[in-house]
Amino acid sequence: MDLSELDVQAAAENGAAMQLMHPATGEPLEHDGKPITITLMGADSAAFRRSVALAMAKQSKARDVDLSKATGEEIMATFDKGERAAVEHLLAVTIGWDNIVWEGEVLPFSRENAAMVYSRHRWIRDQANK
């Protein structure tokens, strides 16, 4: 195999489908016999690199909170910012999904729907981040 022939940039931009796994059993999730998947761009994609660079810039500008001296409200605010940043990163690299069902209906892919799903289900974020 000639490594110079591999176009990892194009593959990263096109993304790859990740099948969701049940958070407790590890079994592949399906709907009507079809895999439930989320399509994510790879780490070599421009969107991924931009998202990471933006997160790094925000972190460098953020005020450091000494959690040992912080109030409960300050700790929760710091936690909430981290949660929002994690969702924003995944939104930047998610380009589609298949067979996600919400409240009995197939949920069409959109940025708003992805934000809702990622915000409500940490286990999905964890799988996508891996």
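# Exercises on a predicted single-chain model

The secondary structure of the chain comprises 5 helices and 7 strands, where helices (H or I, at least four residues) and strands (E, at least two) are DSSP runs numbered from the N terminus. This is a predicted model, in which local features need pLDDT of at least 70 and side-chain atom pairs count only at pLDDT 80 or more, while totals for chains, interfaces and linings use all residues. Residues are numbered from 1 along each chain as its sequence is written, and side-chain values use heavy atoms, with hydrogens and water left out.

## Exercise 1. The chain as a whole

Task: State the order of the elements and describe the burial, contacts and surface of the chain.

Solution. Step one: read from the N terminus, the elements follow the order α-β-β-β-β-α-α-β-β-β-α-α.
Step two: of the 130 residues in the chain, 26% are buried; buried means under 20% relative accessible area, exposed over 50%, and partly exposed in between (1.4 Å probe, protein chains only).
Step three: among contacts (heavy atoms within 4.5 Å) with a separation of 6 or more, 58% join residues 24 or more positions apart.
Step four: the accessible surface is about 8900 Å², and carbon and sulfur atoms hold 55% of it; the areas come from the Shrake-Rupley method with a 1.4 Å probe, and for residues only the protein chains shown count as cover.

## Exercise 2. The core and L20

Task: Identify the residues that touch the most other members of the largest nonpolar core, then trace the contacts of L20.

Solution. Step one: a nonpolar core is a set of buried Ala, Val, Leu, Ile, Met, Phe, Trp, Tyr and Cys residues joined through side-chain atoms within 4.5 Å.
Step two: the largest such core has 21 residues, and L20, I38, L40, W97 and Y118 touch the most other members.
Step three: at least two core residues come from each of β4 (37-40), α3 (72-93), α4 (111-120) and α5 (122-129).
Step four: beyond its neighbours within four places in sequence, L20 contacts E27, P28, L29, I36, I38, W123, I124 and Q127.

## Exercise 3. The second largest pocket

Task: Determine which residues line the second largest pocket and how the lining divides by residue class.

Solution. Step one: on a 1 Å grid over the protein atoms alone, a pocket is an open set of points with protein on both sides within 12 Å along at least five of seven lines, and lining residues have an atom within 4 Å of a point.
Step two: the lining consists of L20, L29, H31, I36, N99, I100, V101, W102, V117, H121, W123 and I124.
Step three: β6 (101-102) and α5 are the elements that give two or more residues to this lining.
Step four: the lining residues divide into 9 nonpolar, 3 polar and no charged. Here Ala, Val, Leu, Ile, Met, Phe, Trp, Tyr, Cys and Pro count as nonpolar, Asp, Glu, Lys and Arg as charged, and the others, Gly among them, as polar.

## Exercise 4. Positive phi values

Task: Is D32 buried or exposed, and is N99 buried or exposed?

Solution. Step one: D32 lies in the loop between β2 (30-31) and β3 (34-35), and its phi is positive, about 55°, although D32 is not a glycine.
Step two: D32 counts as exposed because its relative accessible area is 65%.
Step three: N99 lies in the loop between β5 (94-98) and β6, with a positive phi near 65° in a residue other than glycine.
Step four: N99 counts as buried because its relative accessible area is 18%.

How values were computed. 1 Å grid on protein atoms, 1.4 Å probe; cavity = no way out; pocket = protein on both sides within 12 Å on 5 of 7 lines; lining within 4 Å.
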